[in-house]
Amino acid sequence: MRTLSTRSGQRNTGPLPRQVKLMGVGLVAFLTAWPLCFAFLILSPAGKPTFEIAAASSDAGFSQIFVGQESNGFSEQASTWAPVVEGDTNLRFGLRSWRGTVGEFIRWDPLDRPAKMVVKQIQLKTGLLAEEIELERVRPSMAVVTQQTADGDLVLVLESNDPQVLFEADVAAFIERSNKLSALVAGVIAGVVAVCCVVVFQQRIAVRRLWNGLPAPLGAPSQIKVPRWAVLIFGFLAASGTTLLILGSKVIGVSWDEPTHESSLGEYFRSGIYAPRWSFADGAPSDVAAFVYAPVADLLGHTLGAALGVHDWFAESYTSDSYFARHVTVAALTILGIIAVGLTVKTVLDSWKWALVGVATMFALPLFIGHGMFNIKDAPLAVGFSVFSLGLTMLVTRLSRPSDSVVSAIALGLGLVLALGSRPGIWLALALSAALVLSLASLLRFRQERGGAVVALLAHQLSLVLIAILGAWLILWLIYPAAFGQLGNLLVSSVAVSQAFPWTGTTLTAGLPLSGQPPWFYIPLWLGAQVPVVVLVLVVVGVVAVVIGYVRAWKGNQSVTRGDIGWLPAIFQAFGVPVAAVLLGSSLYGGLRQLLFVFPALAILAVVGLSWTARLISRTPKSLYWRGLWLIAIVGVSVPLFAQVRLFPYSFAYFNAAASLGDLEEQWEIDGWWLSGRELVEDRQLPNRTVCVESQDRPIAQCARLGMVSPFLGEAVLDDFPLAEDEYVALSRFGTSPSGDKCVPTGGVVRPALLQTIKLSTADLCKVSLQSYPDRGLVLPSASSDDPSLLWGWDEFLFWGWRASGDRGVVMENADASLGFSMSDSDLKALKEIRLAGRGVEAQPVANPVSIHVNGVEVGQISIPPESQEWSGVFPVPAEAWTALGDSRVVVRLSVENGDSQEPPMLVGPESLAVLQLAEVEVR
């Protein structure tokens, strides 16, 4: 009989009564469920407050809602966008629950162009409440004429590209009412959840019986212990690699695609669609823009940057500090992927020492580490796939305790969120990997265990996968409802567009310029060139070991171990998508960065190969072989890591010893994203006439317009680099100038590779090619350029500072703009003057004159004319000016004079000067 007191006289109440336990379970469940339900009701896409406008538009474009701010104006920062399609359109403007309005009015800009719009209904809605805004409250504010139809609809005649209307709506009061209703409904739902938890708690004995009916846990395979001295070395290499990764993320440059992704994030904040504004057509984004990428990784980087104060919340940023925050985020995710590799090895081999070997092996894969410093779209996908594979490995090898099931489901769900939240189209590869792994594992266990137990286990595994899928989808739907809210379209379009991504360039591969649909040997060539030789050999051995192990387990009578099925996820991660890509002819370019998720699986298979070889060698009496194996493994990891130190921070430019036997610059694309551009320009004082060779298709572009180098340009100053009038500086990642001009290298970014030195970027001094002056005089083109960044190539006589115009002539875009031609020496001696004609373009705050130079000699000035006003001038040219450059070359430069000598004449940034339009040039 239980006593009621202790020796000290205190009462001992014993175990809590059953009713008290049930009440505690119910209370905890209620207090947990209520805030979650309430947050879901007010923050989820189905519950958060929105303005919804049903209308019909005569044109496509963008519509915008502004909420009030305390200065009696309207907040651009708090505005939201919605794309408008031609015809019937339903506009949905999301409002944050904590963002009400000051005053009684909302500003609505119906469309960003002149058009006609018929408004049928305006509603302020949440998931539980709706309030209709009477159309009579809509009042024109600017460039809008309103008409009422017989049906009660409101016709808006929009007369400019910035029309504005106002309507009354007390958003703050509506949100308050909606929140109170949501709190009440959340309480009811939480009560139901609490009752269900109490019932489940009462029936926990049945749950235990179900758990006890599962097959016994698998045993760990026999493996050889890692020598203590090798553990210390691998630990040092892993720590060194982690340091290299973090430091590299701080100093590496910006890739081509990062500004585009940041632009997509800005559009996501405004309209909820993760796609850059220029990708929209007819009021809707293309499938390529809408379904290839998703914003999870970008949002993580944005959160870190905003938390550190380097940029504002909910606004895109293109500063060097904001890129640093995003790169650190990618590095942190990469470390998570590396940890997933180590945990996968630990799960199967049940050894932390072997897990450390797996982590160190990851740092022997320079391409993965290099992209882990910056690649915000491919690295998170690789990490997500690796975490998902970890969950699969646990699912088929370790479900001996309920906690194993929880951890496995969390890993599966987290992997899905990271992978699909970066590239939704990878869902098919993840689904096939899960299906094949579970099928092969179940078939193997069916041969040796009770069928009922295996079926119960498979049902349990499938339930965990389903829970992970539902949880991941819910999170992704909350984050990106525009895509994950239309699940069927997403599943079909994401795969189709990813498989046939429209890319028209070429990738230099083993000396061959291969297109975006390369031959079957594209992937093997890149793997053979960028995976270190020792690791590659161990991977091959590991694949053989996995296959042999599974076949032996299938044919043998011994019990199945974790090693027989635990490596299957790595096999499908490493080879499933690459094989499918070859068979389907998928778009592949830029090396292996689209298949970055292959490399963690290769590291796992290399560990398998090493452990299998170590077990074979351990049977021999000679310890020399044993020590030699571990020395080879350590060298195989340390040499690629040392190579990365020499290449720092450009680990992605690593090529193994076999590939390095040839000329790397002639055989392989090394810096396809021009990440070395930062080092080339950072804090430099560039000459005024500095251009960037962006690609083979867009050869000459303004450096200040290129997002991968513009954040790092130094302050613009007066020329401290002497240039002749027909010379310019070209910054490039190519060995030759695509423009065809004669160039002489003056500097660059170089790094020592294994057997040679490679140049990642160059700075060349170039002399522009000039065409013969036409007999009819120089009449400048009227066709507009589709590419605003292109400097020349669309006209043979213009080479700096111009932008094509829609009518006859070209616009002077920079403070310095030049054109040139060649003439015979006899013709030059006969010339006396030059005539220029054009018109004014846009009113500018700069009121200084434009000076005219011929071969560097100033011959006169003109005042900047008013907008659209015609102008012309005839300027006498001294005889010595015509021949100043020699070789029958003439360069005419227009320069906006700057009254303040401290201010630079060159614009550093994408803004256009646009003061003059030049139409004709005549020498006589």
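This note goes through the predicted model point by point, from the whole chain to single residues.

1. Basis of the model. The structure is a predicted model in which local features need pLDDT of at least 70 and side-chain atom pairs count only at pLDDT 80 or more, whereas totals for chains, interfaces and linings use all residues. Residues are numbered from 1 along each chain as its sequence is written, and side-chain values use heavy atoms, with hydrogens and water left out.

2. The chain as a whole. The chain has 26 helices and 31 strands, where helices (H or I, at least four residues) and strands (E, at least two) are DSSP runs numbered from the N terminus. Of its 924 residues, 52% count as buried; buried means under 20% relative accessible area, exposed means over 50%, and partly exposed lies in between, with a 1.4 Å probe and protein chains only. Among the contacts with a separation of 6 or more, 76% come from residues 24 or more positions apart, a contact being heavy atoms within 4.5 Å.

3. Strands 6 and 7. Strand 6 (residues 115-125) runs antiparallel to strand 7 (residues 130-133), and 4 bridges join the two; two strands are said to pair if DSSP finds at least two bridges between them.

4. D153. This residue is found in the loop between strand 9 (144-148) and strand 10 (154-158), and at 17% relative accessibility D153 counts as buried. Which residues does D153 touch, not counting those up to four places away in sequence? They are V118, V119, K120, L135, Q147 and Q148. For K120, which is 33 residues away from D153 in sequence, the C-alpha to C-alpha distance is 4.9 Å.

5. An open sheet is formed by 5 strands in the order 22-25-30-27-28, with antiparallel pairing. Strand 22 (798-800) and strand 28 (857-862) stand at the edges with a single partner strand each, so one side of each is left without a neighbour in the sheet. Neighbouring strands of this sheet are turned by 25° against each other on average, direction ignored; the axes are lines fitted to C-alpha atoms, for helices over the stretch in contact, and angles run from 0 to 180 degrees between N-to-C directions. Within the sheet, strand 27 (residues 850-854) and strand 30 (residues 889-896) pair over 5 bridges in the antiparallel sense, with V850 set against V896 of strand 30 as its bridge partner.

6. Strand 26 and its partners. Strand 26 (residues 833-840) runs antiparallel to strand 29 (residues 870-876), joined by 7 bridges, and also pairs with strand 31 (residues 916-923) in the antiparallel sense over 7 bridges. R835 has a bridge partner in each of these strands, namely V874 in strand 29 and E922 in strand 31.

7. Cavities. The structure holds 8 cavities of 30 Å³ or more. On a 1 Å grid over the protein atoms alone, a cavity is a set of points where a 1.4 Å probe fits but cannot get out, and lining residues have an atom within 4 Å of a point. The second largest cavity holds about 60 Å³ of space, a volume being the space filled by probe spheres set on grid points that are joined across faces, edges and corners. Its lining includes F234, V357, T361, V534, L538, A606, L610 and V637, and at least two lining residues come from each of helix 9 (352-362), helix 18 (533-555), helix 21 (598-617) and helix 22 (623-647).

8. Helix 9. Helix 9 is mostly covered, with 8 of its 11 residues buried; among them are W354, V357, T361 and M362. The cover over these buried residues includes helix 4 (228-251), helix 8 (320-349), helix 10 (366-371), helix 21 and helix 22.

9. R326 is found in helix 8 and is buried, with a relative accessible area of 3%; leaving aside neighbours within four places in sequence, R326 is in contact with E262, D298, G301, S317 and I376. A468 is found in helix 14 (residues 451-479) and is buried at a relative accessible area of 6%. With neighbours within four places in sequence again left aside, A468 is in contact with A409, L412, G413 and L416, while the C-alpha atoms of A468 and I410, 58 residues apart along the chain, are separated by 6.8 Å.

How values were computed
1 Å grid on protein atoms, 1.4 Å probe; cavity = no way out; pocket = protein on both sides within 12 Å on 5 of 7 lines; lining within 4 Å.
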